[in-house]
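This report looks at the nonpolar core of a protein chain and at backbone angles in its loops. The sequence and model are shown first.

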Amino acid sequence: DEHIGDYLMGKSHDLATAAADGFTFSGTVDASSGLTTPAGHVIQVKDVTTTTKTRVDTSAWSAAGGLTLSITPKFATSKILVSYFLSVRTYRSGSNDSQSRFGISRDGGTTILMGTQTRSYDYGGNGIIVNNGIAKSFLDSPNTTSQITYQVYMYHVNGTNTEINTYGGNSPPNDESSIVLMEIAQ
């Protein structure tokens with residue numbers, strides 16, 4: 001084929017043209033030379049799972065133990081898909097419903113980028129424990145190629161307290177919570 005000589009001589013061609021000409025590739029592609037990934041393509045994934053117990057008794061945003069994760073985007077135009085799952089336990093004392101909020105902060109800021117609230121209702125009386133699984137995702141546009149750190153936060157609204165990663169019977173094994181970050185090409 002007339003193009004094979006060009007490939008062998010180190011001339012530049014796009015992969016689609018090379019594949020159409022019957023040329024095959026093996027090995028890896030070095031993205032540092034300007035590889036453009038298609039929109040929606042997952043560039044990298046980071047994740048962490050923790051069994052660290054965290055308890056919140058007051059109405060203030062508090063960091064959830066073990067649920068901090070960093071990512072360094074390859075491109076400033078990328079979006080970061082942030083997802084988390086929390087194993088939540090709320091305790092009700094007296095006549096108050098147990099209510100909690102959960103959210104994500106970027107780079108230690110006080111702004112919660114995305115929050116959700118869970119409520120545990122019981123009409124039967126005092127001392128009720130309710131276990132919930134909370135899952136949430138959102139798409140962030142940090143516009144940077146510098147490292148970004150995301151942290152899960154908890155906010156206890158009312159009831160007695162809110163905990164994550166506490167087994168229902170207060171004995172091992174602890175439950176697990178996790179956070180996942182995906183860089184998405186735009």
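## Nonpolar core

The model is a predicted one. Its largest nonpolar core contains 21 residues. Within this core, the residues with the most contacts are Leu86, Tyr150 and Ile179.

Six strands each contribute at least two residues to the core: β3 (62–71), β4 (79–92), β5 (98–106), β7 (128–140), β8 (148–158) and β10 (177–184). The largest share, five residues, is supplied by β4. In soluble globular proteins, nonpolar side chains tend to be buried together.

## Surroundings of Leu86

Which residues does Leu86 contact, leaving aside its neighbours within four places in sequence? The contacts of Leu86 include Leu67, Phe102, Ile134, Val152 and Ile164. Asn132, Gly133 and Ser177 are also in contact with Leu86.

## Positive phi in two loops

Asn143 lies in the loop between β7 and β8. Phi of this residue is near 55 degrees, a positive value in a residue other than glycine. Is Asn143 buried or exposed? Asn143 counts as exposed because its relative accessibility is 59%, and the cut-off for exposed is over 50%.

Asn165 is found in the loop between β9 (161–164) and β10. Phi of Asn165 is positive too, at about 65 degrees, although Asn165 is not a glycine. With a relative accessible area of 0%, Asn165 is buried, since buried means under 20%.

Notes: Residues are numbered from 1 along each chain as its sequence is written. This is a predicted model: local features need pLDDT of at least 70, side-chain atom pairs count only at pLDDT 80 or more; totals for chains, interfaces and linings use all residues. Side-chain values use heavy atoms; hydrogens and water are left out. A nonpolar core is a set of buried Ala, Val, Leu, Ile, Met, Phe, Trp, Tyr and Cys residues joined through side-chain atoms within 4.5 Å. Buried means under 20% relative accessible area, exposed over 50%, partly exposed in between (1.4 Å probe, protein chains only). Helices (H or I, at least four residues) and strands (E, at least two) are DSSP runs, numbered from the N terminus. Contact means heavy atoms within 4.5 Å.
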